[in-house]
Every structure is written in C-alpha cells, then in structure tokens.
Amino acid sequence: MISRNLIALACTTLLLSACAPQDKQTITVSGSSTIAPLMAEIGKRFEAQHPDVRVDVQAGGSSRGLQDARSGLAAIGMVSRSLNPDEQDLSPFIIAQDGIAMIVHASNPLDDISSEQVVALYSGRLSDWSDLGGAAGQVVKVHKAEGRSTLELFLKHFKLDNAEVHPDLVIGDNQQGIKSVAGNPHAIGYVSIGTAEYEVNLGAPIKLLALDGQPASTAALLAGQYPLQRELNLVVKGDPDANTQALLAFAQSSEVADLVEQHAFIPAP
Amino acid sequence: MSSSTPLSLRPNLDWLLRAASLGCALTAAVVLLLILLFLTQASWPLLQQPASLLGTTWQPSTGQFGLQAMLGSSLLSSLLALLLAVPAGLLVSIWLIFYAPRAVARVYGGMLGLMASIPSVVYGLWGLVVLVPLLGAWMPPGASLLAAGIVLALMILPLLMVQADVALRESARRHLPAALCLGVSSWSAIRRVLLPAAWPRLWPAILLQLGRALGETMAVLMVAGNVVQWPGSPFAPVRTLTANIALEMSYATGPHLQALYLSGWLLLVLALLLMALARIYGSRT
C-alpha cells in the first residue's frame, strides 16, 4: 500500500514539474476586435515557426490597443484605423486594408449613391426609393448592432450619431446583412467590401453601390480612391525586441496573405 | 460479507446508488444556484440603480441601458407564438386522436417527433430566407414581431402537440366511454369532458413551451429585425433580450457587459417563475 502511494506521489510530482514555467517569451497583442481574429491566426503560424515564442492575442477595441502599447501592458497594439497626429509616439505597421460598401438588392435600378443621400436615408429625412431615383417603395435600412467596428467607421465617416439613426433591421455579422439584403428588394445596407465581393461571386443577388462616384471594389480600394476605408495597423512604442520585430515583419509578409484574404481584408501593399 | 453473495443481496450497492443519485441531484441544483449567484454578482452594480434599467432607450455608448422595450418584446413575441401555436396544436391533437385514420395518425406522430428534433436555428434560417421576404413584400420591412411569433410558434408546435397528445389520450381513456354512454355527441364530450379533464396537464405543458419561446435566441435574432423599440404593430421590428445578448456580448465591456448579464439574470428569473407556475398547476391534478 505504501509503495503504491509512493508511486502515485512520484507521478504527481512529475506531472506538476511539467507545468513549471519554461523559457518561453510571451508577446502580448491587444486591441481592435476587427484585427484580433486575423492576428490570432497569424500568431499561431508564427508560433509554429518559432517554438520559443508564445503570442497572446486579446480583443478590447482600438483605443485599448493604443493604451496598452503606450503603457507597455502589451508589446503590440492593434488599431483598426490610421494613427492621428497626436499619436505619433507610436510606430504603425499596416497589415491589411478594409473598406465598407453600401449594398442593395440586385434588382434595384440604383448604381450610385452619394454621401448626402446615405446621411439623409439613415437620419430619416428620406424614406422612399423614388427620392433616390428608383422605383417607389419604402427603403428598408439595415444597420449594424452596437459595438461593431464596421458601425463605428460608418458613423464616423458619415458624421452620424447612432441615437439619430432609426433603422428597420439591425444585424450582427456581415453574412446576416448580405442574406437580409439579398432577400429584400427594398433593402439597403453596408458590409465589408471583401465579404460582399466574395458573396457576389458566389451568386448572391446583391449589388455594390458606387459611393460618391467611386466604384466599391477591392481594386478601387487598393488604388486608394474609395473613400469609405480604413487601415488595419499594428502599433509599437519605441524599439521592440528581436522576436517582436520578427512577428511584425511576419504579419506584413506575403506568408500571411492567404490568412488576410480569408478574413475578407486586402493584404497591405 | 463473502464475495459469493449475489449482487442483488448486497446492501452496500443500495447505498452506492443512493449516494450517486443524491450526488447528481445536488450537482444540478448547485449549478443552477451558482449560475444565479454569478449573474447576480456580475450585474450587481447596475441592479443597485433600477431606475436607469426601466427606461426604453438602449444606447450603450452613452450609458443608457433601458431594458423595458426588450423585456416587452421578449414577452410579446413569446405570447404571440403561444396564441398561434396552442389552438392549432390542440386542434391537430384532437384530430389525431378522434378523427384521423390510424395509419395516418401513426405516420403523423412520427413526423411530429422529427419536427421536434429540428434545431431551432434551421427554423430561423427558413424564416430569414422565406418568411421574411414574403412578409416584406406584403408589409415592409418584413423582419418583425409577427415573423418572430410565427417562427417561434413553428418551433414550439411539435413538442406542444406531443404533450397535448399524451394528456388528451389519457383523459380519453379515463372519461370518453363514460361520456359517450350518456349519449352526448363527440364534440360535446371533447369540449365539456376531455379538455377540462386534461387541462391540468395541458397548462404546465403550455408554460414549459412559453419558457422555451422566451429563451430562444438564434431563430429570433434572424427574423425579428432587432430594433430596440416597443412595436407599434405586429409588423414592426423588435429586439428580444436573448437576441440582445447574442448580438452584443462579444463586443461589450464595463457597464455594457453588466447590462447584458442583467438581461440574462432577468431571463433566468422569468424562467424560474414560469417553472414554479407550471409546478403549482401540475400538482393540482
């Protein structure tokens, strides 16, 4: 009986010692929830190549990314916009670009929409397609739920206050938005350009509207002409160590371009 | 006790079964208690200022967490579902028991079992791609309280019919021959004898389905439109408490997160109340 107990004790000790900390460096990445899923996959691929490094990705919004990178809580911050002039103490590393397209049903005669029309629609001043040059019918406005970064960019670009917007339909993710617009000839909505183009290629009956005369396409986005767009950035403060630099270079390299495209973003130039 | 004693004669096995069943029963109760405790603790800071929670405005970015409209929408959509499902379910059960040919009834019963096992998200998807466009062509925008009610009704109908079937069959077995011996028509027998006799068992079944409808998330999220407001008509979009949690949970922090936990707390308390009601009515048989 005693010998059995001893064996059990020895096994427990061995198991516990396996839990002891090893000489692994942890790179903490925090910030934008738009970038976090992509960054988590980039991190996994990086870990496979660098067994001595662990990449820890935490989502909490772009402002937290900036804060954590400044305070040193995180080695890298994720920020889903370009840096403001008062944020020049941080150095940005662009990893991808993203744009938002206004979409309508494929049967809608409209091809082009202006920023003023979008603002008028979502603030409730216009409510009928005939006001926009289409066939008569009530416009069904599809809007994003609170907290989405797509919503933030949409509101910021069109200078709208979310309390003034009276939508007819509030959706969660891009897929639900596309299904809602595809099922309703009177609907208008906005989703990530990459996702919308992908669905159009699969045959979804939706149409990407040109915004202020600029066609909504990844090509126009790449050329920098499409107005409703943003950069997805990693930011660091000061000079990062060798492993962090390697991770930054890796996130910008062509080795992760397939991951970027999977997440419906456009790889950085 | 020697090892040659047959298993069925060993009293320590009785003890083991008793301990195991008691353990499982306690675990279930403790888990429920822990969930309630956790939700209460997580939403405590907001629970202390109930005035802000009773408003109709839900604007997390400006710190307004009014749950009133969403609580109302949850209740309205579930009640609408019951209004659609209960009469239809009862009529179908009566038809199955008293009027349908035996072979048809058997096939139909099997089909009900199949319908009950369809995941609710499938009903939601059907609602999103078929029902909402249909309603939208008639009364835009389509995604509405009515759509949520119809999808929920379809979802709870099969189990409601199964339970009604059991209750009605039992009451028919007990009372139908006696009732028919009095020479009344089968319509009077069903209405005056069978339904009243089965009611104490039907009522808990209906409450249980109400609980399911209240808790349904994905199907409602896909068809209800999710606009936070008191609906002015059945064709207005609404957002239920469950849909709100699913929509915003992954993006919420601070008080916003507490407000979502509070929605969960409200749902749990509502469900517990319903179960208690069902239990009270069930014990009156």
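Me: Before we get to the helices, what are the axes, and how do the angles run?
Reply: Axes are lines fitted to C-alpha atoms, for helices over the stretch in contact, and angles run from 0 to 180 degrees between N-to-C directions. Keep in mind that this is a predicted model.

Me: OK, so how do H10 and H11 of chain B cross?
Reply: Helix H10 (residues 241-248) of chain B and helix H11 (residues 254-282) of chain B cross at roughly 150 degrees, and their axes come within 9 Å. Angles over 145 count as roughly antiparallel, so H10(B) and H11(B) are roughly antiparallel to each other.

Me: And which hand is the crossing of H10(B) and H11(B), left or right?
Reply: Left-handed, as H10(B) passes H11(B).

Me: Which residues meet there?
Reply: From H10(B) you have Leu241(B), Thr242(B), Asn244(B), Ile245(B) and Glu248(B); they meet Leu260(B), Ser263(B), Gly264(B), Leu266(B) and Leu267(B) of H11(B). Sorted by class, that contact holds 5 nonpolar, 4 polar and 1 charged residues.

Me: Zooming out, what does chain B look like as a whole?
Reply: Chain B has 11 helices and 2 strands, in the order α-α-α-β-β-α-α-α-α-α-α-α-α along the sequence. The C-alpha trace of chain B spans about 65 × 65 × 30 Å along its principal axes.

Me: How much of chain B is buried?
Reply: 37% of its 285 residues. As for the contacts in chain B between residues at least 6 apart in sequence, 73% join residues at least 24 apart.

Me: How many residues of chain B are in contact with chain A?
Reply: 24 residues of chain B, against 21 residues of chain A. On the chain B side, helix H6 (120-138) and H10 each supply at least two residues, and H6(B) gives the most, with 5 residues.

Me: What's the class breakdown for the side of chain B that touches chain A?
Reply: That side divides into 14 nonpolar, 8 polar and 2 charged residues.

Me: Switching to chain A. Is strand S8 mostly covered or uncovered?
Reply: Mostly covered: in S8 (residues 187-192) of chain A, 6 of its 6 residues are buried.

Me: Which strands are joined to S8(A)?
Reply: One of them is S4 (residues 90-105) of chain A, which runs antiparallel to S8(A) with 5 bridges. In that pairing, Ile103(A) has Gly189(A) as its bridge partner. Strand S6 (residues 140-144) of chain A is joined to S8(A) by 2 bridges, in the parallel sense, and there Lys141(A) is partnered with Ile188(A).

Me: How about S3(A), what's on its two faces?
Reply: Both faces of S3 (residues 76-79) of chain A are covered. Ile76(A) and Met78(A) lie on one side, Gly77(A) and Val79(A) on the other, and all are buried.

Me: What pairs with S3(A)?
Reply: Strand S1 (residues 25-31) of chain A pairs with S3(A) in the parallel sense over 3 bridges, with Val29(A) partnered to Ile76(A). Strand S10 (residues 229-237) of chain A runs antiparallel to S3(A), also through 3 bridges, and Met78(A) stands opposite Leu234(A) there.

Me: Last one: where is Ala135(A) found?
Reply: In the loop between helix H4 (115-122) and S6 of chain A. A residue needs 20 or more other C-beta atoms within 10 Å to be buried, and 12 or fewer to be exposed; Ala135(A) has 13, so it is partly exposed.

Me: What is Ala135(A) in contact with, leaving aside neighbours within four places in sequence?
Reply: Pro109(A) and Trp129(A). Pro109(A) is 26 residues from Ala135(A) in sequence, but the two are 7.7 Å apart in space, C-alpha to C-alpha.

Methods: Residues numbered from 1 in each chain as written. Chains lettered and ligands numbered in written order. Predicted model: local features only at pLDDT ≥ 70, side-chain atom pairs only at ≥ 80, totals over all residues. Helix = DSSP H or I, 4+ residues; strand = E, 2+ residues; numbered from the N terminus. Parallel < 35°, antiparallel > 145°, perpendicular 65-115°, else oblique. Left-handed = near helix turned anticlockwise from the far one by under 90°. Contact = placed C-beta atoms within 7 Å. Nonpolar A, V, L, I, M, F, W, Y, C, P; charged D, E, K, R; others polar. Pairing = 2+ DSSP bridges.
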